[in-house]
Amino acid sequence: MKSINRSSQERKRVFASILTFAVIVFIIMLIAVMNAPTKGGPKVMETTQTYLAEVKKTAVPFLIGVGILSVILGIIAARTVYHVWSNPKKRNTLFTAYSFLSPYLLVTSLFTVGVILFAFYISFNKYDVFTEPVWIGLDNYKKAFMGFVDSTQKDFLQALYNVVWYSIIVVPLQTALAIGLAVLLNSRTKMRNFFRTIFYAPSVTSSVVITLIFVWLYLKGGFINGFLDKILTPLGVTYDPINWLGDPRGLFQLFGFEIKSAQWYLRGPSIAWMAIMFQNIFTTAPTFMIMFLAGLQDINPVLYEVAAIDGANSWQQFKNITLPLLRPIILLVVVLGTIGTLQVFDQVYLATQGGPLGTSLTPVYLIFREAMGSQGPINMGYASALAFILALIIFLLTFIQRRVLERGTEKY
Amino acid sequence: MKSKILVILSCLVVSAMILTACGSSETAAETVSEPETVAESETEESSCPLPVEEGATIVFSGWGDDSEQQIYKDSIERFKEVCPSVTVDFQPIPDNFQDKLKAQMAGGTAPDVFYVDDQLMTAFASSGQLMALDDVMAQAGVSRDDFIPSLLTIFTLDGATYALPKDWSTLGLVYLPEAFADAGIDEPTDDWTWDDMREAALTINETGNYAGFCMGSDWARFAPFAFSNGGRYASDDFTTATLDTAAIKDMATFVTDMFNEGSLVRPADISASWCGEAIGKELVAMTLEGGWMVNTMNLTFPDVVWKTSLVPGGDVTRADVIFTNGIGVNAASEYPMASAAFAIYLTSAENQGEIVKTGFAYSTHPEQIDLIGNVNDKAIAEGGLLPDTLVAYWGPYTSKVNDAVSKALERIWLGDQTVDEAFAQAQAEAQTALNGE
């Protein structure tokens, strides 16, 4: 009796794992077929047959690639099911969880994971959306770094250079400003809620609107130049108005260094780029201020009382209590800030379009330009390759930041 | 246990049904609208340029503000009179037109008829998304020779015509007579050379009341200088950049000398966002601008007296630069004949003659230049008919080549590089672009 039971249990396990394997492979292949590259257009979409014929014609390598992936994932899933099957409790949990997750999983894998797979495949192709993708191997990835050998193809390197400066300057400043504001607003001042609202306003406003306002402020005859003129002229300094968003002079050039334009990478961030940085700090700092405020509320006030009794002044309290206890939130803010700064796009798109002389070009703007074909043919393959390189860089930086910042986090 | 498996399976079945349902309903909709017969042109619509599909409804999109949209609404009304069986659904896209059109085209929802510029020509023509119009043009009795010849360069690929020019503009020497009277010198004439212009700019600049000549570091404003000295940005077959030639560098040196002696100013130097605004604000005596100045001056600076003359000439010839856009037809259009008929009608002499009267744009038919009403506008337009005038189009990578020129001028005027260095770099950049790298 027992042995019969066991063998029927065994059969069920095998059957369940085979079924899981088949279902996983089927779903992934269905998603792959729906995301496969085609020439698009209403003619292709007319009937299922014409669409499938088009997919067969243009996407065989893509389907083979995803097919292999789906078999691997299917085997993993089937093994999991096989091991779980004989334990009713685990089995129930697994199936209940996945049946609740299935609508979301299906949509995500179709419209997010499927599209990412597609983009990864396309990054090895020359693809203009309308004609068949042509396999060119690693050429797109090589092209991104061609700037090292051919100075006429420096766009991506310059974009990376710009956004690295952007991160180095913006992240520390906006984090410091956010902590400062949060500490101020956490103290018992009059009209605290009023100030919280006011300080938070720039983050609520759309960044498009703020950018357009700043474009006006930064004009040569604009408010900022007028303000500086008003302040400096009485001090006896003749102020020469600066064309903030149109000045490509780098930070180190301003200190009087003569740097040839062939050595653009020694010039540092340009005036135009720093103007955009300033605007970004203004917009994002309040968002992070809210996070620090939440973190400050969590700190036990007893700690401050004890410190005060021990004779610590408020700076010592801030340095030795507030900052260490905020460390997890600082990590979060620095990581989010770095990711955000490496992906900066809207300010550039609206204010400078990558100019002057490419000093405000960013990787995401370059990806947009190549994908949309605003300067030359549509180059989806190159754009996808740039996107994957950027994703890899962001992943690595986040990983390093976690290792460095988490090491010393206080645990209570 | 079995019931749970059933639940999961039925979930899958339902989701599969939903997916297939999406597909099949679309197919059904397609087949309903499919059977369209091409009706021979009836006697009552004899003036329609082509035999159109009966009851066709076509979608037409373009960019432009309210006044431009009104021009095309009127054109659609006129089209209705000649081809009454076609309904045109006008769907203007005022912002980011090119991005939107590319996305629509990739998704198969692009309009049947739409504006085409060099960017869309690059994206659509070689990939077969635009209908080649030569056959329908022959059928409608329209010839490429009906249009100003240089306009068609953008819209031609491998000998086929993919769009018809809808309008064009060019640059003229725009000036303030007041500034010339103030300096006590004669106003520009149509036989002026760049040297005359420079001399006048210097004299006016010395009075201190007006700056002399306004120009940004812009490939388009530099083009008349370069072209009139026999220079080209690229070879005729669009394979070789020709930016480090003496013809180009001489003129770059010329404008740089003007910049250094102060007779040439950039718009930002005089707190203007562009040179047209500098004229309107009476900050500068001369600049190179196009037909859009008429509207700007009428609307924003109605009290300022301004004039135009032909673009100055160089040592080799007198040449201007042309900007143009066309009307193209979606190759996947459900009603190709109706769409082509509409495109042909929009660009016909009959319709262009009406548009020209509104002062909105120049007709692409050379015989209609006399219809331009405004004196200033007409003087600007004449530059377009000069024999050596060119459309600054160098194939798919045009904007990269042009960008290289603008950046070279910017670097020179910043004092970053000499003319030789800057244009050697521009040449290398443009060549890389033309190589498709």
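Let's start inside chain B: 6 residues of domain 1 of chain B are in contact with 5 residues of domain 2 of chain B. Contact here means that the two C-beta atoms, placed from the backbone, lie within 7 Å. On the domain 1 side of chain B, the touching residues are 1 nonpolar, 4 polar and 1 charged. For these classes, Ala, Val, Leu, Ile, Met, Phe, Trp, Tyr, Cys and Pro are nonpolar, Asp, Glu, Lys and Arg are charged, and the others, Gly among them, are polar.

A word on what you are looking at. This is a predicted model, where local features need pLDDT of at least 70, side-chain atom pairs count only at pLDDT 80 or more, and totals for chains, interfaces and linings use all residues. Residues are numbered from 1 along each chain as its sequence is written, and chains are lettered from A and ligands numbered from 1 in the order in which they are written.

Back to the domains. In chain B, domain 1 covers 50-170 + 323-375, and domain 2 covers 172-319 + 397-434. Such bounds come from an automatic or database domain assignment. The C-alpha centres of these two domains of chain B are 31 Å apart. Chain A is also assigned two domains, domain 1 at 2-122 and domain 2 at 146-407. Their C-alpha centres lie 42 Å apart.

How confident is the predictor in chain A? Its mean pLDDT is 87, and 96% of its residues reach 70 or more. pLDDT is the confidence per residue, from 0 to 100. Where pLDDT is low, the coordinates should not be read in detail.

Now the two chains together. 35 residues of chain A are in contact with 40 residues of chain B. On the chain A side, H2 and helix H5 (88-122) each supply at least two residues. That side of chain A has 13 nonpolar, 17 polar and 5 charged residues.

On to the fold of chain B. It has 16 helices and 13 strands. Those are DSSP runs, numbered from the N terminus: helices are H or I with at least four residues, strands are E with at least two. Of the contacts in chain B with a separation of 6 or more, 74% join residues 24 or more positions apart.

One sheet deserves a look. It is open, with 5 strands in the order S9-S8-S10-S7-S11 of chain B and mixed pairing. Strands S9 (264-265) and S11 (307-309) of chain B are the edges; each has a single partner strand, so one side of each lacks a neighbour in the sheet. Pairing requires at least two DSSP bridges. Strand S8 (residues 211-214) of chain B runs parallel to S9(B), with 2 bridges. There, B:Phe213 stands opposite B:Leu264. S8(B) also pairs with S10(B), again parallel, over 3 bridges. In that pair, B:Ala211 faces B:Val284.

Last, one residue. B:Pro111 sits in the loop between helix H3 (97-107) and strand S3 (113-116) of chain B. Is B:Pro111 buried or exposed? Buried, because it has 22 C-beta neighbours inside 10 Å. The cut-offs are 20 or more other C-beta atoms within 10 Å for buried, 12 or fewer for exposed, and partly exposed in between. Beyond four places in sequence, B:Pro111 is in contact with B:Val59, B:Phe60, B:Ser61, B:Gln91 and B:Asn330. Across chain B, 49% of the 437 residues count as buried.
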